[in-house]
Amino acid sequence: MSVENTNDLLALLGPAATAFVNKEHKLFIDGEWVSAVKGETLDVINPANGEVFARVPAGESIDIDRAVKAARRAFEQGAWAEMSPSARGKLLWRLGDLVEKNADELAQIEALDNGKPVNDARWGDVAFSHELLHYMAGWSTKINGETISLVSGAPFHAYTLRTPVGVCGQIVPWNFSLMMAVWKVAPALAAGCTIVLKPAEQTPLTALRLAELVEEAGFPAGVFNVVTGNGETAGAALAEHTDVDKIAFTGSTEVGRKILAAAGTNLKKVSLELGGKSPMIVYADADIDKAVSAIASGIFYNMGQTCTAGTRLYLHNDVADKVLEGLVSHARALKMGPGLDQETQIGPLVSAEQKQRVCDYIASGLAEGATLLTGGGSWGTSGYFVEPTILDNTHNDMRVVQEEIFGPVLCVIRFSEAEEENVVIQANNSIYGLAASIFTQDISRAHRVAKRLKAGTIGINTHHVIDPALPFGGFKQSGWGREMGWEAIELYTELRSVGVAL
Ligand code: NAI
Ligand code: MG
């Protein structure tokens with residue numbers, strides 16, 4: 001199959017995904033499908049061949065304002081404001097069912113739009129999305145305050161009430177488009193908030209399909225709104241808007257800082273899930289075969305465009321050659337191709353810009369003295385493919401070891417027995433702190449090191465640890481707040497303290 005031919009690629013879409021992709025896309029505001037006020041559009045590009053295959057409205061501040069007004073109205077009055085927690089939970093459960101029922105279609109749309117392997121989209125992104133919707137549906141009926149015993153012993157009955165924070169702006173990236181949206185939408189709806197969602201300009205389609213499913217599930221108008229558009233316009237307008245009570249963002253640390261500054265207009269609540277540069281440490285006593293496959297998926301899953309990607313590999317000298325031999329042959333065996341091809345394991349990166357960024361990082365690592373073990377650059381004659389790449393002999397001062405690359409590039413740092421105590425300090429030597437992993441058979445060491453690593457999620461003999469019930473978020477410049485679990489409900493609720501004079 002020729003990747004250059006759009007028609008060949010689009011033939012891999014099922015009929016439902018084809019019908020969706022080819023329709024005229026609109027914004028979803030106040031339960032209606034509307035064009036952007038100024039009528040501008042954005043091109044949607046297939047990263048497997050660089051061709052435009054759809055257009056979506058380029059919403060701007062005026063569209064954001066309409067959506068915020070609708071979300072405000074739905075929050076303050078009407079069916080949603082009056083709905084029982086049980087009814088809210090049932091709607092959310094129904095939305096989870098609809099995502100599950102349409103999972104193949106959603107996975108195909110994501111694979112086309114983002115480039116990722118369709119099976120990863122189906123069994124990663126989409127499966128996690130309906131699991132999380134179902135999980136959060138359960139919290140709807142379990143959001144309680146507490147009765148508090150007053151220190152003073154005053155004749156008061158005192159208690160807390162936990163209530164929805166209000167209108168939420170949610171800005172999500174392109175790497176797991178649907179799933180990142182659901183991470184934010186599910187707890188916000190469970191808590192009783194209303195939403196304006198701004199998907200990434202590179203991958204807007206699954207958010208629009210999600211809006212159709214929200215409509216089909218029967219949520220009242222205005223509860224969930226989607227405005228597609230650019231970050232600097234639509235995204236910035238949402239972050240600045242003075243009638244938004246909370247902004248939740250996933251994306252680069254650089255834009256995270258801008259979100260924080262924009263939130264200063266009305267001091268809205270902020271949660272941020274930002275970049276990472278996660279270390280993986282392999283000790284001499286590790287089970288090498290198991291470590292190799294966990295490390296390979298730690299770095300190459302989703303072509304390394306994963307905030308938790310294990311990008312720095314600290315390897316004990318005694319096992320370094322054996323681990324690297326395993327990783328190199330694993331990397332070379334990965335099948336590259338368009339995401340819609342069922343056999344693909346490594347698809348293109350999301351955009352020409354991202355491909356260029358990653359190739360520049362590889363060149364910078366080599367210029368700073370790294371040794372190329374495999375990969376090294378772009379692949380194929382069209383599309384945004386980058387080969388799985390391993391750079392050996394890197395060290396903590398190199399840009400490739402300090403900065404987020406967001407591509408399939410692993411940096412290897414070897415350590416000796418004498419340096420072993422120091423390796424955790426090196427692993428913590430980063431502005432980020434999202435994830436980390438340790439490979440060892442010594443359970444005491446595993447737990448000891450887990451407690452010293454400055455990261456929000458730690459894997460022991462595994463790398464990507466993720467579940468709807470497990471709090472997820474970052475230390476340091478990887479972010480503020482924890483998504484998933486009960487902690488996500490806390491992000492979308494406010495506490496009132498009430499005192500009753502008896
Ligand atoms: P980005 O941070 O610019 O984009 C993420 C989202 O923020 C998108 O929806 C975008 O439209 C929006 N946005 C951009 N500028 C904005 C602004 N001024 N105000 C409000 N919203 C804004 O990420 P980008 O440029 O696509 O990727 C650059 C790098 O960021 C990547 O190479 C990677 O290192 C990092 N990144 C990290 C992600 C993560 O999951 N932590 C996800 C995406 C990117
Ligand atoms: Mg950007």
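Biologist: Is Arg55 buried, partly exposed or exposed, and what is the relative accessible area behind that label?

Modeller: Happy to start there, and please keep in mind that this is a predicted model. A residue is called buried under 20% relative accessible area and exposed over 50%, with partly exposed in between. Arg55 falls in that middle class because its relative accessible area is 48%.

Biologist: Which residue forms a salt bridge with Arg55?

Modeller: Arg55 sits in strand β4 (residues 51-57), and its partner sits in strand β3 (residues 41-46), 12 residues apart. The closest N and O atoms of the pair are 3.0 Å apart.

Biologist: Why are Arg66 and Asp63 separated by about one helical turn?

Modeller: These two residues form a salt bridge, with the closest N and O atoms 3.7 Å apart. Arg66 is partly exposed at 33% relative accessibility, whereas Asp63 is buried at 1%. They are about one helical turn from each other because both lie in helix α3 (residues 61-76), at a spacing of 3 residues.

Biologist: How many residues apart are Asp243 and Arg72?

Modeller: Their side chains meet in a salt bridge, at 3.1 Å from N to O. This pair links distant parts of the chain: Arg72 is in helix α3, and Asp243 is in the loop between α10 (231-240) and β10 (246-250). Asp243 counts as partly exposed at 29%, while Arg72 counts as buried at 16%.

Biologist: Let's turn to the ligand. What share of the area of ligand 1 does the protein bury?

Modeller: Ligand 1 is surrounded by 27 residues, and the closest include Trp174, Lys198 and Ser252. One of its oxygen atoms is 2.5 Å from an N or O atom in the side chain of Glu201. On the backbone side, a nitrogen atom of ligand 1 lies 3.3 Å from a polar atom of Gly251, and a nitrogen atom of ligand 1 is 3.0 Å from a backbone N or O atom of Leu274. Taken alone, ligand 1 exposes 810 Å², and the share buried by the protein is 91%.

Biologist: In the open sheet of 3 strands, which are the edge strands?

Modeller: The order in this sheet is β5-β6-β24, with antiparallel pairing. β6 and β24 pair over 9 bridges, and Tyr159 stands opposite Val498 in β24. An edge strand pairs on one side only, and that describes β5 (147-148) and β24 (493-501).

Biologist: One last thing: about how much accessible area does the nonpolar patch of Ile148, Leu150 and Phe156 have together?

Modeller: Phe156 belongs to strand β6 (residues 156-164). A patch residue needs over 30% relative accessible area, and Phe156 has 41%, so Phe156 counts as partly exposed. Together with Ile148 and Leu150, Phe156 forms a nonpolar surface patch whose accessible area is about 240 Å².

Key: Residues are numbered from 1 along each chain as its sequence is written. Chains are lettered from A and ligands numbered from 1 in the order in which they are written. This is a predicted model: local features need pLDDT of at least 70, side-chain atom pairs count only at pLDDT 80 or more; totals for chains, interfaces and linings use all residues. Side-chain values use heavy atoms; hydrogens and water are left out. Patches are made of residues with over 30% relative accessible area and no salt bridge: like charges are joined within 9 Å, nonpolar side chains (Val, Leu, Ile, Met, Phe, Trp, Tyr) within 5 Å. Accessible areas come from the Shrake-Rupley method with a 1.4 Å probe; for residues, only the protein chains shown count as cover. A salt bridge is a side-chain nitrogen of Lys or Arg within 4 Å of a carboxyl oxygen of Asp or Glu. Helices (H or I, at least four residues) and strands (E, at least two) are DSSP runs, numbered from the N terminus. Buried means under 20% relative accessible area, exposed over 50%, partly exposed in between (1.4 Å probe, protein chains only). A residue is near a molecule or strand if one of its heavy atoms lies within 4 Å of it. A polar contact is a pair of N or O atoms within 3.5 Å; within protein, one must be able to donate a hydrogen and the other to accept it, and residues adjacent in sequence count only if both atoms are side-chain atoms. Two strands pair if DSSP finds at least two bridges between them.
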